[in-house]
Amino acid sequence: MGDPKTYLDINEQLYSRQLYVLGTDAMRRLRGSSMLVSGMRGLGVEIAKNLVLAGVGRLTLHDPGPTCWMDLASQFFLSEKDIGQNRAKASLPHLARLNSDVCINTYDGPLTETVLKGFQVVVLTDSTLEEQLQVGSLCHEHGVHFVVASTRGLVGQLFCDFGEKFTIHDPSEAEPLESHIQHISQGSPGILTVLEENGHRFQDGDWVTFSGIEGMVELNDCDPRPIRVRDKWNLEIGDTTAFSPYLRSGAITEVKRPQTHSYEALSLSLYQPRIMAANLQGARRARCLHQAFRALHKYQAQTGLLPRPWYLEDANELVVLAQDLGPLQGDEPLDEALVREFAMTSAGDLSPINSVFGGMAAQEMLKAASGKFIPLDQWLYFDALECLPEDGKSPLRPEACAPRDCRYDGQIAVFGDGFQKKLGKQRYFLVGAGAIGCELLKTFAMLGLGAGQGGGITVTDMDTVELSNLSRQFLFRSQDLNKHKSEAAALAVRSMNPALSVTTYTHEMGPDTEHIFGEDFFSSLDGVASALDSFQARKYVSKRCIYYMKPMLESGTQGTQGSAAIFVPSLTQPYNTLSEDAETVHPVCTLRHFPSTIEHTLQWARNEFEGLFRLPAEMVNRSLQEPDFLERMEGPQAHDYLKTASISFLNPPQCWRDCVAWARGRWQHCFHDSITHLLQYFPRDKVNEEGVPFWSGTKRCPQPLEFDVSRDTHVDYILAAANLYAKTHKLLGSQDRDKLRVMLQKLPAPTFHFQAHTPIFANNQELEQASAKWDLNHVQELRSALAKWPGTSLEPQLFEKDDDSNFHMDFVVAASNLRAENYGIPPADRSKSKKIAGEIIPAIATTTAVVAGLVGLELYKIVMGHRLLSSYRHSQVHLTLPYLCRWIPKAPCVQQYRGMKWTCWDRLTVPAPAPGQPEMTLKGLLTYLQLSSDHVTAGFLSPVLKALARGPAKPPAQGDRIGTSGDWQEAEGGPKGAGV
């Protein structure tokens, strides 16, 4: 359960995605932390699970109580066999298996002053107000960071007290802002103008430093200084009067500085709460819920019980208690209806709400231990009471919500037994079994979705479990490595609810698998949940849901940000990707000759990897398999193909020394010769027709490098490149750096030859024009050389960022940083390089839990059959702040043509002919359309269709008949969104 001696060790492969969220320093502070979670019902186990996945140092589980039936509604690590057993002790082995780095133990005694002083962070999840006040006062006095988290039915509460002087080392997740410099004036204040067309994103009071400036070199690497924003392009940077005149280049970079925040103890904040809310309406609702929770504590203290589910008499008593507390702000009236709904459902225990607050509370505890991100100040309330039956529907009967000594009692208390049976009959399709997919499967198991007669869950995912998955995809364990995610997840979730019926597939959902996920498959479904990490894949799933008229639950995360959305047939707009960022594409000339950021050099290095170690080998192999395929290519295409492949077949290596010599020559070409050649074309003092220096703005003037065998970066490149070249040609490589240095010293230095015939293009337009030209003689020479290849296949290197032994990232990091040194760009360490080059999406378990909980709340509404648009919510969360925003989805866009109106959800179904009946003719189809819909009028039909409707002059050909049935869908060639 974790060795305390290794607390400061960080398994970078295990926590790789989380490290991009928190950073190494914050992660080390987490590894040295000690935390207590009090209360191990559904909310407590959610918090504990997220903390264990995050890799805290020590975690103590506190709960003196025994497991009861009500716990099983959301406590996913307890089962029927644990009834009567201590909750904390029964949960311990399951939590311990999540992460062996974490030292976990249990405690069932009182939370005394001595006990509390042994922890850095304490959270209470299942406690009375008296206990909260007592523990909160002791924690505040001794500098222990204190959190209260509580959920009651569809409502939750969160409170944080991190002391009077809490230091935030890094308030945000974003990388420091950076802009290129166009000009800096000499003056007081000096005015800096940024180069970017869209301006900068700095704010007044930001602290900055500078690098790469020519001329006003006094600013380079100066101590951080504050700035003042003049406008979108200009910043005041302080007195520059005594500095040298600015010439060219340079960057301004934000410097993040620690902040100090102060928090009040619960005993004071309870009566004068600072409540976080998205808007004024949300603030009023939150203040009302604050009083409702206080009244609930008072009700429990008087009766020893919670209000009975859906008992109006009990609810009215709670309303009176809330009124007696008085308003929190002025004469603001109490929302009695809100308090009454809260009271009638407060006995419930729901997995989705616990997921939301379990993720948010755990993130606040991580902030307390790491000093990373801004903590909650100080209260947060959230409710999803819109999940209850819509206005006008009969209220639930108390007897329908009474306990039944079953695992769903906590859910039945809120929604009734009839709804529980309906959940069991649902058939849902989950696409993706990654981080969100695992959380959703857990939610489905707790809800009992598809766990009844006729119900079931189908899950598909083509990926296998990797080590980096284990820190956030909590259904997987180390023994699941290399197994298919869908199968491993299904096995794990069945242990949480044995009644759950799960069918697994290991296929990607797409056009190639429509024979599996086709009409019969979709027709049997009640809905689809998308847990994908690709916009393209999400869009495809959305199209299938529109086609088959199925509701779609959609979600995604990136670091501490997440979103959840619901798309309901005929009620909401369908999923679209218009608001999502397009993929960044860097101009070719920028990458080849004019990089200005580390992103440019990393992309160049990735292109080098593909062009040296994958594409040539693939091309040679294809020529062996299809000897005549080059003959089928046009001249320019064949030229490009052969030029790329020639890296492998012109001078193939025979031994390790040949590979080293090749790598040394490549180093010379990339970092010395090509730069020298570039400067001969565009000298350092070159100016354009307007008299502006060519090397200015984003064009950094490069310097050629001289190879130095004593420099690690130079040897890193040779070692990685030579090994990859050897692997490609199926030769043995070497990792002996000392012998490599000796070999390099003995190799003759490559000779530079000025390539007068090789042009350099200043922009992409010139490059494209030149690319259209090709040399027929050169093509013939390359074809002849390829024909002499001995016939041995090569081994293409497929880029894999997560294997530290394959030299892939070694090559990319070394090549990128050498390129950056050429152009005076600050280098990137391996971690940053891996994130950018590997296109890694930062991830943390807390965000995943919150998003999955929000999806689960929308699932309740779909199954219940809500038909009001105002009942549904799209959601967005940003846990660094923390910020949680929800809004009503938009209705689908209505298209109109003449007298006809429709949306993308509308369609007309044309029946197939009965057995033995003739197929429908086109005239019959048009007649059917006119008679079957008031909207399809003769005026809607084009003159051509009218002519066809009058009947052909001769018997109809086979093509004039309609021999299939089905829904007529949106056509790309028709009016926007058109459907027949």
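Just after helix α17, M549 adopts a positive phi of about 55 degrees. The model is predicted, with local features requiring pLDDT of at least 70 and side-chain atom pairs pLDDT 80 or more, whereas totals for chains, interfaces and linings use all residues. Residues are numbered from 1 along each chain as its sequence is written, and side-chain values use heavy atoms, without hydrogens and water.

Helix α17 spans residues 535–548 and reaches 20 Å from its first C-alpha to its last, close to the 20 Å expected at 1.5 Å a residue (1.5 Å times one less than the number of residues; helices are DSSP runs of H or I of at least four residues, strands runs of E of at least two, numbered from the N terminus). At the start of α17, a side-chain oxygen of S534 comes to within 3.3 Å of the backbone nitrogen of Q536.

Helices α22 (residues 712–728) and α23 (residues 737–746) pack at an angle of about 95 degrees, with axes 11 Å apart (axes are lines fitted to C-alpha atoms over the stretch in contact, and angles run from 0 to 180 degrees between N-to-C directions). Helix α22 is therefore roughly perpendicular to α23 (65 to 115 degrees). The contact involves D712, V715, D716, I718 and L719 of α22 together with R737, L740, R741 and L744 of α23.

Residue S91 lies in helix α4 (residues 87–96) and counts as buried because its relative accessibility is 0%.

Definitions and conventions: A polar contact is a pair of N or O atoms within 3.5 Å; within protein, one must be able to donate a hydrogen and the other to accept it, and residues adjacent in sequence count only if both atoms are side-chain atoms. Angles under 35 degrees count as roughly parallel, over 145 as roughly antiparallel, 65 to 115 as roughly perpendicular and the rest as oblique. Contact means heavy atoms within 4.5 Å. Buried means under 20% relative accessible area, exposed over 50%, partly exposed in between (1.4 Å probe, protein chains only).
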